[in-house]
Amino acid sequence: MDVSIVVTVLNEERSVEELHRRIAATLDGREWEAIFVDDGSTDGTFAALRALHDRDPRVRVVRFKRNFGQHPAMHAGLARARGERIVTMDGDLQNEPEDIPKLLAALERVDVASGRRVGRRDSAGRKLPSRLINGLLRGFTRVDISDFGCAFNGYRRGAIEPMLGAIGRQKFTKALVLSSGVSVEEVDVSHATAAHGSRYSPFRLIRLALHVVAGFWPQPVQWIGVTLGVVCTLAAAALGAYGVGYWISQSNFPGPLLAGAGIVLVLGIQGFVLALIGESLGRIQRDVEGRPLYTIEEEL
């Protein structure tokens, strides 16, 4: 098998037919398969995928019992892909199948063809947290690419197979694969507006940022603890020196106000540390329990 296309879908009843048609037209003349993973859709997505499978044996379908998330769905597709080259994409038509040959061409030279969204059509509130997360991932993985969040990527099979045990437990499949030291080339891909808007709320983006810190930063609690100690010590010394100076010069030290500000600052930092510890403990709990990433309702 030459090419496997892994598509994650959630309530995309109206787009899967067009997506399949465009994939088939783009890959005409190649040996290919498309693996659609239905991540617990509640509309007619699975019925539409069943009809596609009945008409085209190159279409394979995995249906989850409930919604488990994009990255477990990605794992389900990658684990079943038989192609020597694998392309991952979302099923909401934000990714244009006509760009697949560009990713495949890059895979002739490197292990990973990293999609880079051009003309991105997201709101400023969506782009800003994305830039923050990209910056964190660049620092932690030491891989200098600009768009870790793009799900439209190409992989050689040899880059994916060693990481299958961890894919799905991390929320950034591409960053996880790149952290193993494989070669990468960025490829500009088109990016359309999502038909039903972005599923990433500000709260969910904050959780993603915490996941990045807990998942890719070695010993985060220790580093933050040291930083917290240094900052608080310096702040306490500065406030103490200011207080003594003000008391000597004015005979009226504003202790309650500054003390309250310091307490609030420390509490805010502690809140972040506690959130990070909670994320780390949650990951440890899931690993210790050995819960499956997903459960499958049906497979075609």
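Okay, so 45% of the 300 residues in this protein chain are buried, where buried means under 20% relative accessible area, with exposed being over 50% and partly exposed in between, using a 1.4 Å probe and protein chains only. Bear in mind that this is a predicted model: local features need pLDDT of at least 70, side-chain atom pairs count only at pLDDT 80 or more, and totals for chains, interfaces and linings use all residues. Residues are numbered from 1 along each chain as its sequence is written, and side-chain values use heavy atoms, with hydrogens and water left out.

On to the layout. The chain has 10 helices and 8 strands; these are DSSP runs numbered from the N terminus, helices being H or I with at least four residues and strands E with at least two. The 8 strands make an open, mixed sheet, ordered β7-β5-β6-β4-β1-β2-β3-β8. Pairing here requires at least two DSSP bridges between two strands. At the edges sit β7 (184–190) and β8 (296–299), each pairing on one side only.

Now look at β1 (residues 3–9) and β4 (residues 85–90): they run parallel, joined by 6 bridges. One of the bridge pairs is Thr 8 with Asp 90 in β4. Their side chains also make a polar contact of 3.3 Å, that is, N or O atoms within 3.5 Å, where within protein one must be able to donate a hydrogen and the other to accept it, and sequence-adjacent residues count only if both atoms are side-chain atoms. Is Asp 90 buried or exposed? Asp 90 is buried, at 18% relative accessible area. Leaving aside neighbours within four places in sequence, its contacts (heavy atoms within 4.5 Å) include Leu 19, Gln 70 and Ala 151.

Gln 70 takes us to helix α3, residues 70–80: 10 of its 11 residues are buried, so the helix is largely enclosed by the rest of the structure. Pro 72, Ala 73 and Ala 76 are among those buried, and Phe 64 touches these three, along with others such as Tyr 294 and Ile 296.

Which residues touch the most other members of the largest nonpolar core? Phe 64 and Val 177, out of 31 residues. A nonpolar core is a set of buried Ala, Val, Leu, Ile, Met, Phe, Trp, Tyr and Cys residues joined through side-chain atoms within 4.5 Å. Elements supplying at least two residues each to this core include β2 (32–38), β3 (59–64) and α3. Apart from it lies another core of 30 residues, among them Val 7 and Val 189.
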